[in-house]
Amino acid sequence: MTKPLVSPYQAMAAGTPGFLARAYFSLKPYIPRPIRLAMRRGWARRISKQCRATWPINPEAGEVPAGWPGWPDSKAFAMVITHDVESRSGLEKVRSLAELEIAQGFRSSFNFIPEGPYEDPAELREWLEDNGFEVGVHDLNHDGHLYGSRQGFRDKARRINHYLDAWGAVGFRSGFMLRQLEWIHDLDVLYDASTFDTDPFEPQPDGSQTIFPFQIRKPGGSGSGYTELSYTLPQDSTLFLLLGEETPEIWKRKLDWIASRGGLALVNIHPDYVDFSGRRTSSCYPSSLIKDFLEHLCTRHKGAFWNPLPRDLVTWYRKEVVPLNRDANPAC
Ligand SMILES: [Zn+2]
């Protein structure tokens, strides 16, 4: 992958999340959101120009892994929808977003922050499960400090494992896509979704460079490890809030490319930023953009894709693909 332009936001958090990342996330609560957003928008515009060769499509990421058996029922590609719920206002919009997806015949996962800006939404979790959705764990406190130290992570992993167990969840995603993939072995998960094939806008901008799932094995070969699901469509916040896109054309273009390569289209949509009354503001975009994208998926690719919950995709992957690829473990 061409080395992406590094914005100051990224410089503070590049590589493994270290001192500068911790400093940034310590200062973040004191910088007014409009100022942070304006700064990030400026950097995002520069990055999108500099990274045209590798974003939104990095051609190298389309390479089919050796021994790939194809998707169940001979489907051409898979489409997985995930959601991270960041705030109380996001929580209030979860049902509307889930109902929009139900109306179009989709199911997805919603990841909640266990000890963050809102109380454990027990009733909402139950409603989602009853309606065929999956619930996952999103970070612990969502403050950018999850990977601050090895021992600190071990302590937090115990808390996260408590919520995974209590919620019956098997999937995890870090806040801000920060990650230490080796440490994630401490979590009792089947999969992690804190990576992306290409996303030069994130604080740790290195991509997995693949649009296929892959397995992160435990060092020393003990146990099967966990499956990594990279998101492969840009995040809604990047497209509609940072870059100011007014249509889902980039989602559609990337989706069509993933479909042509037989990969996994995985998107992360935040209910927090969706406006169901059709308004566009500095922090929200109209829900019609999601509807438009899902309609494109259903008409252009009718019958050609599999829409599993992430946990169902991973269960299939561990049963059918992992045994075929003992040595497959792309670097991320
Ligand atoms: Zn988040």
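Residues are numbered from 1 along each chain as its sequence is written. Because the model is predicted, local features need pLDDT of at least 70, side-chain atom pairs count only at pLDDT 80 or more, and totals for chains, interfaces and linings use all residues.

**Confidence.** pLDDT is the predictor's confidence in each residue, from 0 to 100. The chain averages a pLDDT of 91, and 90% of the residues score at least 70. Over residues 1-14 the pLDDT is below 50, yet this stretch has 39 contacts in the model beyond near neighbours in sequence. Two residues are in contact if their C-beta atoms, placed from the backbone, lie within 7 Å. Where pLDDT is low, the predicted coordinates should not be read in detail.

**Core.** A residue is buried if 20 or more other C-beta atoms lie within 10 Å of its own, exposed if 12 or fewer, and partly exposed in between, with C-beta atoms placed from the backbone. A nonpolar core is a set of buried Ala, Val, Leu, Ile, Met, Phe, Trp, Tyr and Cys residues joined through C-beta atoms within 7 Å. The largest one has 77 residues. Ala78, Val80, Val189, Tyr191, Ala265 and Leu266 have the most contacts inside it. Strand E1 gives the most to this core, with 6 residues. Val189 touches Leu164, Val170, Gly171, Phe172 and Tyr226, leaving aside residues up to four places away in sequence.

**Sheet.** Helices (H or I, at least four residues) and strands (E, at least two) are DSSP runs, numbered from the N terminus. Two strands pair if DSSP finds at least two bridges between them. E1 and E2 pair in the parallel sense over 4 bridges. Thr82 stands opposite Ser109 in E2. On its other pairing, E2 is joined to E3 (residues 134-138) by 4 bridges, again parallel. Here Phe112 stands opposite Val137 in E3. The chain crosses from E2 through H6 to E3 in a right-handed β-α-β crossover. Right-handed means that, with the strands pointing away from the viewer, the path from the first strand over the helix to the second runs clockwise. Both faces of E2 are covered: Ser109 and Asn111 are buried on one side, Phe110 and Phe112 on the other.

**Helix H5.** Which residues of H5 (residues 94-103) are buried? They are Val94, Leu97, Ala98 and Glu101. They cover an arc of only 100° around the axis, so they sit on the same side of H5. That arc is taken from the directions from the helix axis to the C-beta atoms. An α-helix has 3.6 residues a turn, so residues three or four places apart point the same way. The face turned away carries the exposed residues Ser96, Glu99 and Ala103. Cover for the buried residues includes E1 (77-85), H4 (88-92), E2 (109-112), H6 (122-130) and E9 (274-275). Just after H5, Gly105 takes a positive phi of about 85°.

Most residues other than glycine have a negative phi, and most peptide bonds are trans.

| Site | Backbone | Loop |
|---|---|---|
| Trp55 to Pro56 | cis, omega near 0° | Pro56: between H3 (33-50) and E1 |
| Phe176 | positive phi, about 60° | between E4 (171-173) and E5 (191-192) |

Phe176 counts as buried, with 20 C-beta neighbours inside 10 Å. Gln209 is buried, with 20 other C-beta atoms within 10 Å.
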